[in-house]
Amino acid sequence: MRKTLFLGLFLLVFAFTGVFAGAKTVIKYAHWNALPSDPYNYVKAFEEKNPDIKVEFMQIPEAEYSQKMRSMAMTGTAPDALCLWEADLADFVRGGWVLGLDDYVKQSAELSLDDFIPAVTQLMKLQGNLYGLPWCFATEIMYYNKDLFDKAGIGYPGMGWTWDNFEDTAKKLTVESDGKVTQWGCDAIGFQGLWYSLAGTFGDKIVDEQGRFSMGSGTKEFLKRWFDLTNTSKAVASPQITTSGVVSADLFMAGKAAMAFNGSWLTSVYKDVKDFAWDIAPLPKSIRNYSTLHTGFFAINAKSEAKDAVWKFIEFRMSDEGQQLINKAYSNPSARLSILKKGYYKVEGPKGPRNWDAIEQTAQFAEWGYVLLPPGLTFDIVKDFNAAILGQVSVDNVVQQAIDKAKEILGEERVAEE
Amino acid sequence: MKGGKAYFFVSPWILGFVLFTGGPILATIALSFTKWDLIGLPAWIGIGNYTRLFRQGSEFWIVLKFTAFYTVFSVSFSVGWALFEAVLLNGKKIRGVNLFSFFYFIPAVVPMVALTFAFQLILHKELGILNYFLSFLGLRETPNWLVEPSVVVWIVVILNIYTFYAGQMILIFDSALKEVPRELYEAAEIDGAGRFIQFLRITLPAISPILLFNMVTATISSLSTSFTLLYPLTAGGPGKVTQAISLDIYHNAFKTFRVGYACAESVILFGIAALVSFLMFVTSKKWVYYEV
């Protein structure tokens, strides 16, 4: 009996030591995108470099990403390695669910805060500490059909372009036939963020330095001018219904609109255009240059038991090698200035784009803006803006309505009065 | 002992009901008296969410108005359409009736999201095929179907014929119509009753229990699952013109993270569905015949 017990204990100890000798630290990681296939699979590349760490990946669909992450964090089942949207990061900080990264970055031989686009340090100031590092970034820009510009003998838009230039050009590029518009100067706004970015060029802060909702006279001025372009000169196409901020039909891609405003991520879609030459430019300036930045932040779950392994994973994804894989896989630029210059994200099609400076110039003045607010609020306001352009509600009323909605959802203290 | 065994065998259902139905209903009612953004703990605010919902100028009134409109017309339209198609399929001397059944039912099994995106393209003002055909007919100013408030509310009602429950209703009506005794029609024909009178006096009373069943399920579906049609098609816009209460609940709970407010809306939706179903059953005593 004693012999059997001894043998059993021996086997148990042997089994455990065996397990521990080959044990890997397992970290869970969630993202709304599927992992890119080889050769851009950055998780696989990380695991090859760090054989002692295994990354368990889970994809959560974009439409339910935010609520799923919140529910998981609340119930203590959130992944160790997080990638959080801008508005969620602030809430996760408030909930104490993410770890400060300041010390990690200070000790890192790879990363330096001076190497990031200005908006990263602005967000850090707003939140008091550094809680996340941007996995890459996208911004909102102008797309234009070079062939239609050439045909009309009009110079291409660029960094110095103003709203007056835009309006004049849009009118000149609008073609009517038999009393019906057959070519629009500019497509209707498809992606919801553009309403905020364009209003921002008219001087509204959108979200001020204290993180408060801030829209007013600039938005009114923008909406009035957009209304005229849509209804009076008909240089801009009528608004279409948007679901989740995206329209299903695209006049620019169909070659029926000379210009369009949209996210920089569409360069990876438009690159397949073969019928016309096209390019990109920063948004036209009215009172100031403005655009919105989009990203997700790599963060560490404060309850993770493998924080150092997660940091290693973040450090790898933010390294030159990791960023190269991510930038190429998703055609989005790096938020690290030294890597941005290398242009890994530039995936050109046969007809465009060529003016990549437009994205790098925009990165210098773009802000987080509306993405720091709950998506429900900003989407709701956009539906009202569309109604204003359709003449269903006055521009003055719609801006007041937006302010009232913001007060109701965010609370009065988070809304700046003009 | 016998009773104990019985309870043991039904316990999985009871457990499932308590955990996944009863519990969440009670939690929803409790949360409707709180303010909660899915961060931290819910804060008790009493009837604050309800007063906010029903205050003057609240957008909830627009939501309620559209929900009532949508429910009344989508139920009438989809039940009427399903009955009409089922009657056609039961007509005499129709060749290839199975083929017709297939084509009538097929839209019901197409995924709603795919269908709504197809309709977004069909109804697009500039690139849509519908306006393309209308322009051939000489129409210069073609409608912007999905953003004109007076038009879009009818479009979402009409598109109900493509929902799964409309397809399901055709099948249910079809089988009910097959059960109506033929001799009743023969006797009516001998008495000189025309097709319409036969439908009114024989068919409708004979299938009235099924009609009631379809109306109740269509009403509940319309109130609670209108989301699957409206969210991908119009997202509730323009403004709040097509924002049904089911869509508003989702929007407030998961897009603006006002969980308490959304729970209060859910409680109201629950009350409306219960009241409407109750009224339907009460009034059914006057028009539903369980024996022919």
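Domain bounds here come from an automatic or database domain assignment. For chain A, that assignment gives domain 1 (23-131 + 296-334) and domain 2 (138-292 + 360-414). The model is predicted: local features need pLDDT of at least 70, side-chain atom pairs count only at pLDDT 80 or more, and totals for chains, interfaces and linings use all residues. Residues are numbered from 1 along each chain as its sequence is written, with chains lettered from A and ligands numbered from 1 in the order in which they are written.

Taken over C-alpha atoms, the centres of domain 1 and domain 2 of chain A are 31 Å apart. Domain 1 of chain A gives 11 residues to the contact and domain 2 of chain A gives 16 (two residues are in contact if their C-beta atoms, placed from the backbone, lie within 7 Å). On the domain 1 side, α4 (86-94) and α6 (118-127) of chain A each supply two or more residues. Helices (H or I, at least four residues) and strands (E, at least two) are DSSP runs, numbered from the N terminus. The largest share of that side, 4 residues, comes from α6(A).

Now to chain B. In helix α7 (residues 149-158) of chain B, Val152(B), Val156(B) and Val157(B) are buried. A residue is buried if 20 or more other C-beta atoms lie within 10 Å of its own, exposed if 12 or fewer, and partly exposed in between; C-beta atoms are placed from the backbone. The cover over the buried residues of α7(B) includes α3 (60-89) and α12 (227-233) of chain B.

Pro42(B) sits in the loop between β1 (34-35) and β2 (43-44) of chain B. Pro42(B) counts as partly exposed because it has 16 C-beta neighbours inside 10 Å.
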